[in-house]
Amino acid sequence: MEVSLRHQIKVGIFVTIGLVMFCVSIILLGGDRFFLKKTYELKVRLPQVQGLARGSVVSLAGVPVGNVRELNFVQGSTDIEVTFNVEHAVHNRITVGSRASVKTQGALGDKYIYIEPGPPDAQPLAPGSLVDTDQTPDFLDLIASKGQEMGEIIEVIKEVRKLFASMNQDGRSGKLMSNLVQSTESLHQFLSEGRETFRLLRTQTLEPMANVMKKIDKGQGTLGALINDPTLHSRLTNFLGKSPRNQFLKPLIRDSIQASEK
């Protein structure tokens, strides 16, 4: 009888231990990893929780420090009040000025609360306090909100890929680069010849012509003397006589005046 009783007690102890371990495993798998640690309560009001749930992780500057406990609608507002427990060991790091937001974690898109610490010399938030909200959108949420623009960017990338694939087909890119190299060399040769032609034109034509014009302007040589001698004009005028225009214009004007008087 005593053996049977002892056996039942042992079985009961093992079953109890197994149930406790089972419950602990469920709690750990559910995300509540701080139930055995001393925690305190904080709150934050968010316009939307974006898939946040009870047991979601609370992170302080990237370090897990707690879990979400409740999500409740705020009466008279569209905001949702999130209550979460935070490990008491980081009490001095969550100070006045800290901000909380919902962010995305991992490839599966799990949501968690991210707390950005406030100034280290500020006063710590008291238990039950409301943490300020950070309205900065998460990177993945920003991508999701810009889905149409991202789709257009992807289409442009696809078109560019098709263009390069078409250029590389049948060695077209190699031929194109070869043609570009030849065109560049031809252009370089043309510019070199143009510079040489201009140099010859300047040294053999323009500079001698400029020297001749300077000499003429200074009155040097026969042509310079003829152009710069003022007496030459008087001699030619006396030799050729007065301008024949006066001989014809004066009688024409006189006849016109007489005709108008009649």
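The model is predicted; local features need pLDDT of at least 70, side-chain atom pairs count only at pLDDT 80 or more, and totals for chains, interfaces and linings use all residues. Residues are numbered from 1 along each chain as its sequence is written, and side-chain values use heavy atoms, with hydrogens and water left out.

The protein chain holds seven helices and seven strands. Helices (H or I, at least four residues) and strands (E, at least two) are DSSP runs, numbered from the N terminus. Along the sequence the elements follow the pattern α-β-β-β-β-β-β-β-α-α-α-α-α-α. The chain has 262 residues, of which 18% count as buried. Buried means under 20% relative accessible area, exposed over 50%, and partly exposed in between (1.4 Å probe, protein chains only). Among contacts between residues at least 6 apart in sequence, 61% join residues at least 24 apart. Contact means heavy atoms within 4.5 Å.

The seven strands close into a barrel. Their order is β1-β4-β3-β2-β6-β5-β7, and the pairing is mixed. From one strand to the next, the twist averages 40 degrees. Axes for such angles are lines fitted to C-alpha atoms, for helices over the stretch in contact; angles run from 0 to 180 degrees between N-to-C directions. Two strands pair if DSSP finds at least two bridges between them. Strands of a sheet pair through backbone hydrogen bonds, either parallel or antiparallel.

β1 and β4 are antiparallel and share eight bridges. Here V44 has V82 of β4 as its bridge partner. β4 (residues 80–87) is also joined to β3, by seven bridges in the antiparallel sense. In that pair, L71 stands opposite V82. β3 and β4 form a hairpin with six residues between the strands, and G76 takes a positive phi near 80 degrees there. β3 in turn runs antiparallel to β2, over four bridges. V57 stands opposite N67 in β3. β2 and β6 (residues 110–116) run parallel and are joined by three bridges. L60 faces I115 of β6 as its opposite residue. Finally, seven bridges link β6 to β5 (residues 99–105), an antiparallel pair. S101 stands opposite Y114 in β6.

The largest nonpolar core contains 22 residues. A nonpolar core is a set of buried Ala, Val, Leu, Ile, Met, Phe, Trp, Tyr and Cys residues joined through side-chain atoms within 4.5 Å. The residues with the most contacts inside this core are L42, V82, F84, V86, I94, I113 and I115. Two or more residues come from each of β1 (39–46), β2, β3, β4, β5 and β6. I115 touches V58, S59, L60, A61, F84, I94, S98, R99 and A100, leaving aside neighbours within four places in sequence. In soluble globular proteins, nonpolar side chains tend to be buried together.

A61 lies between β2 (57–60) and β3 (63–73). These strands form a hairpin with two residues between them, and A61 in the turn has a positive phi of about 55 degrees. A61 is not a glycine. A61 counts as partly exposed because its relative accessible area is 47%.

S56 sits in the loop between β1 and β2. S56 counts as buried because its relative accessibility is 12%. A polar atom of the S56 side chain lies 2.8 Å from the backbone oxygen of A53. A polar contact is a pair of N or O atoms within 3.5 Å; within protein, one must be able to donate a hydrogen and the other to accept it, and residues adjacent in sequence count only if both atoms are side-chain atoms. Neighbours within four places aside, S56 is in contact with G66, N67, V68 and K111.

S129 is placed in the loop between β6 and β7 (130–133). A polar atom of its side chain lies 2.6 Å from the backbone oxygen of A126. S129 also touches E41, L42 and K43, not counting residues up to four places away in sequence.
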